[in-house]
Amino acid sequence: MLNQLGHAPVPQDAHARVPRHTVPSPGHVLAVGTPGTRREQLGRTLISAGYEVSHAAPGDVIRQARQYRPDAIVALDEGLDVVREVRADPAGQALPLLMVTADGCPKSVAELLRDGADDCLPQAPDPDELDARIAAKLHRVPVPVDQLLLDPRTGLYSGPHFMDELDRELRRPAAARRGGVLAVVGVAETAALEARLGTRVRREVAERLAQVAERLGSGCDRLGWDDEGHLLMLMPGVDEEAARGALQEFASTVAGTRFVVADENVRLTPAVGWTPLTDHTGHSSPVQEARDAAAEAVRHRDLRPVRYEPWMRAKAKSSHRRARASLAPLLSPVLSLALGIGVPFLIYQQAYALGWDLASAAYWVVVAGLVVSALLIVLECLYSLDAEPRPAKAAQPYPPASAVIAAYLPNEAATIVDTVESFLRLDYPNELEIVLAYNTPHPLPVEDTLREIARRDPRLVLLPVPGSTSKAQNLNAAATRVGGEFVGIFDADHHPAPDAFRHAWDWLSNGYDVVQGHCVIRNGESSWVAELVSIEFEAIYAVSHPGRTRMYGFGVFGGSNGFWRTDLLARTRMHGSMLTEDIDSTMRALNEGARIAMDRTLVSRELAPTMLKPLWNQRSRWAQGWLQVSLRHLWRGLRSPVFTRRQKAGLFVLLGWREVQPWLSLQILPVLLHAALRAGGVDGLDWAVPVCLLAVALTLSAGFVQAAFAWRLAVPELRRRKAWFWRYLLVSTFFYTHFKNLVARQAHLKEAMGDRRWRVTPRAEREEVSEA
């Protein structure tokens, strides 16, 4: 008799197999279990049913199955390991597997069946029943799932039939197709869930995703799944914009939902890749294109559906980057000065030759712009005195909380251990987990130290993020891992105050969704650059942020020392393509109706760059990131019904005026140059114009007022250093303000030319480390 693998039974040694019956055996069974009474009893039951029997211990099942080639496996229920061992190997996937359970608990039986068992029997089964069940598995061969139109377990199209549906759609004439999109949805957590819970999670995850897709509808009428657990979505007759919106809604809904997968409550990160059917030429598989796009979406984990582009192929991507790099020489500060001064000067000269005095009009525009900027600074300072105080107490008991530290270890290896230890000293009255989400291109010695700390203190969770290229990807990877009701987000050099999490919950429990704290520089003595930044941060976090929040009615998340409700963070995520992913996430959260508070008493201390070049790189990224946010969100925000008129005024100042001001302030130079040429030289100009003198005085006084308010509202350790504030006022007036404007103008040119490279700011306590 041939067994399931097509081979005749192989003779065995007498001690391994019972003597043959004179009546032909109905088959050969491998009895699996730890040697002992239970396995011997099972062997006797199988023999009495007429089967030839071999024995195997857990861990040795596949080797014995390959040696003896049984027709079926009957195993004692000693945990799920036996089922997984059998089904993980091709030699065991085709064999009927029956489990003999000791307790018969329905939950245990369900787990065994879901993980791959074909049947379950109670302890000491009747020989006739056991024989019948084995025979049923041997002779009533089920129809393979991939031969069915719909998978009976999921209700989805099986892989082959989904491909048939796709081919049918692609064979339609282009004129009759009218759009259409194919999407592939992966889940970033699939590998981790499968390693912990078994292969069943692929099917269950696909089921959960399909339930959301069916509930939302949005043009998706055919759903399938493949063996890798991807959900396949065919959306015929849908244009690209509608498809993108539907897929974005699907991704956000999935991310904002908690699912039960393999009896665990989990969050999922959908990675949606899609490709238009109208672009399909037959030279490549649309499914493979959508999978490539989904792989790109998995890298970012930011919930944005990714449209397939040819540059996603490795060869195309490298040439794409080389093309961008070749533009770098065009982005020098000299070019921004030429555009900001030379071009306007030529325009003024040419217009004057034609009889139009544009320079005079530009002069008054510049003066008005400088006055408006100065008044806005003064108003922010005044409003900062009336900043909303923190609620006196929490409205609800303190829940479990999480902290996420985002780190790029090669740059932050010198500080990360001190940072982790400072977090482990935090004072919080409930559970507080510390998740270190980090990336590194190669193993580092500091990882051994971190692992030792994690072994010593289980509150520390190490979360490597392979392939990550940005802080956003690290945060997104942690968004589904954290277990707290709210989560604090920090850079790798931050040391929060011991009571930071308690005070953050005071806000969040009283109706707020995000609270931004006060970032204080702790290495101001390292260099004149660090000293300058330490006072600048007081002007930003102690004055501007609280003042703007009170003035315009909304706060801003500043990227670190910010606390989010976990559900909101899971839905919002961070977009790694945005150089200031924090401001982008702020705008998207506000557009959902989130309330963001600013608390200057919620302190965390961090490190500042200690040299000018790292500071330039940092501020260049910030300036370019703000421009990206302005281009994406300003017009949308001004039209949104979610924002009040007061908030829209704030959006215009925050996202519009800040982008115009660096170029507007520069216009005074071509105006004066044009006027000097008309007057026959600089000596011919009248510098005592009252309006001009008042504008200059007001502009200079705004800087003085801001420095004074920064000193008044600074943290105690900096308020004692009055000389630092005087030096900041002097350097800021004659150098630093112009430095930041120059950085902003160059950042605009970088964005226009598509140069969006991420430069990580190195940090060290005393001495700057080299930049990555």
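Student: Is Arg202 buried, partly exposed or exposed, and what is its relative accessible area?

Tutor: This is a predicted model, in which local features need pLDDT of at least 70 and side-chain atom pairs count only at pLDDT 80 or more, while totals for chains, interfaces and linings use all residues. Residues are numbered from 1 along each chain as its sequence is written, and side-chain values use heavy atoms, with hydrogens and water left out. Buried means under 20% relative accessible area, exposed over 50%, and partly exposed in between, with a 1.4 Å probe and protein chains only. Arg202 is therefore partly exposed, its relative accessible area being 26%.

Student: Which residue forms a salt bridge with Arg202?

Tutor: Side chains of opposite charge can pair when their charged atoms come close. A salt bridge here is a side-chain nitrogen of Lys or Arg within 4 Å of a carboxyl oxygen of Asp or Glu. For Arg202 the closest N and O atoms are 3.0 Å apart, and the partner is Glu194.

Student: How are Arg588 and Asp584 placed in helix α22?

Tutor: The side chains of Arg588 and Asp584 meet in a salt bridge, at 3.0 Å from N to O. Arg588 counts as buried at 18% relative accessibility, and Asp584 counts as buried at 0%. Helices are DSSP runs of H or I with at least four residues, numbered from the N terminus. Because they are four residues apart in α22 (residues 581–591), Arg588 and Asp584 are separated by about one helical turn.

Student: Where do the buried residues of α7 lie, seen down its axis?

Tutor: The buried residues of α7 (residues 159–170) are Phe162, Glu165, Leu166, Glu169 and Leu170. Taking the directions from the helix axis to the C-beta atoms, these buried residues fall within an arc of 135 degrees, so they line one face of the helix.

Student: Which element gives the most to the lining of the largest cavity?

Tutor: A cavity is a set of points on a 1 Å grid over the protein atoms alone where a 1.4 Å probe fits but cannot get out, and lining residues have an atom within 4 Å of a point. The largest cavity holds about 90 Å³ of space, a volume being the space filled by probe spheres set on the points, which are joined across faces, edges and corners. Its lining includes His545, Arg548 and Leu654, and the elements giving two or more residues to that lining are α20 (528–552) and α24 (645–666). With four residues, the element that gives the most is α20.

Key: Expected span 1.5 Å × (residues − 1). 1 Å grid on protein atoms, 1.4 Å probe; cavity = no way out; pocket = protein on both sides within 12 Å on 5 of 7 lines; lining within 4 Å.
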